[in-house]
Amino acid sequence: PYRVRINQYLYLEASLHSSDPLLKLFLDTCVASPTRQNFTTGSYTIIKNGCAKDPTYVEYYTRRRQAVRFGFNAFQFIRSTPEVYLQCELVVCRASDYSSRCYQGCVRRSKREADS
């Protein structure tokens, strides 16, 4: 557990521990939840498909391809316990594969039409 105050800026880093220097790490999705068991109902999306959803989200530069650094303002869910749990999905790619998900960045999904 890590204790922070509401609206305090929270900095995070995820890194890949591998002996292969040709791998790259990409943060695809990060979701917050008031419980550790359920990250769908009542959750809050911070980043999805590489696109920031939280207005306070910032990604920071790092020289290491095998690490991602980011931050956002700490918050609490209304009518819930003070704990907030994070679940993030990261993608590992070959650093030389410029067509990989790691180099696509923010991918906005197009909405589909629904027939009547």
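This is a predicted model: local features need pLDDT of at least 70, side-chain atom pairs count only at pLDDT 80 or more; totals for chains, interfaces and linings use all residues.
A disulfide here is a pair of cysteine sulfur atoms within 2.5 Å.

**The disulfides**

A search of the whole structure turns up 3 disulfides. Number the bonded cysteines of the protein chain in sequence order, and they pair up as 1-3, 2-6, 4-5. Here are the pairs with their sulfur distances.

| Pair | S to S distance |
|---|---|
| Cys30 and Cys88 | 2.0 Å |
| Cys51 and Cys106 | 1.8 Å |
| Cys93 and Cys102 | 2.2 Å |

Take the bond between Cys30 and Cys88 to begin with. Cys30 counts as buried because its relative accessibility is 0%, under the 20% cut-off.

Now for Cys51 and Cys106, whose sulfur atoms lie 1.8 Å apart. This pair also links distant parts of the chain, 55 residues apart: Cys51 belongs to strand 4 (residues 51–52), while Cys106 falls in the segment after helix 1 (101–104). The link is right-handed, with 95 degrees about the S-S bond. Cys51 is buried at 2% relative accessibility, whereas Cys106 is partly exposed at 36%.

That leaves Cys93 and Cys102. Why is their disulfide called right-handed? The torsion about the S-S bond is about 90 degrees, so it gets that label. Cys93 is buried, with a relative accessibility of 7%, and Cys102 is buried too, with a relative accessible area of 7%.

**The nonpolar core**

The largest nonpolar core has 12 residues in all, and Cys30 is among them, along with Leu10, Leu25, Leu27, Ala32, Ile46, Ile47, Tyr57, Val68, Phe70, Phe72 and Phe77. Which elements give two or more residues to this core? They are strand 2, strand 3 (44–48) and strand 6 (67–73). Strand 2 gives the most, with 4 residues.

Phe77 is a handy core member to click on. If you set aside its neighbours within four places in sequence, Phe77 is in contact with Ala32, Ser33, Pro34, Gly42, Ser43, Tyr44 and Val84. One of those contacts, Ala32, is itself part of the largest nonpolar core.

Methods
Residues are numbered from 1 along each chain as its sequence is written. Side-chain values use heavy atoms; hydrogens and water are left out. Buried means under 20% relative accessible area, exposed over 50%, partly exposed in between (1.4 Å probe, protein chains only). A nonpolar core is a set of buried Ala, Val, Leu, Ile, Met, Phe, Trp, Tyr and Cys residues joined through side-chain atoms within 4.5 Å. Contact means heavy atoms within 4.5 Å.
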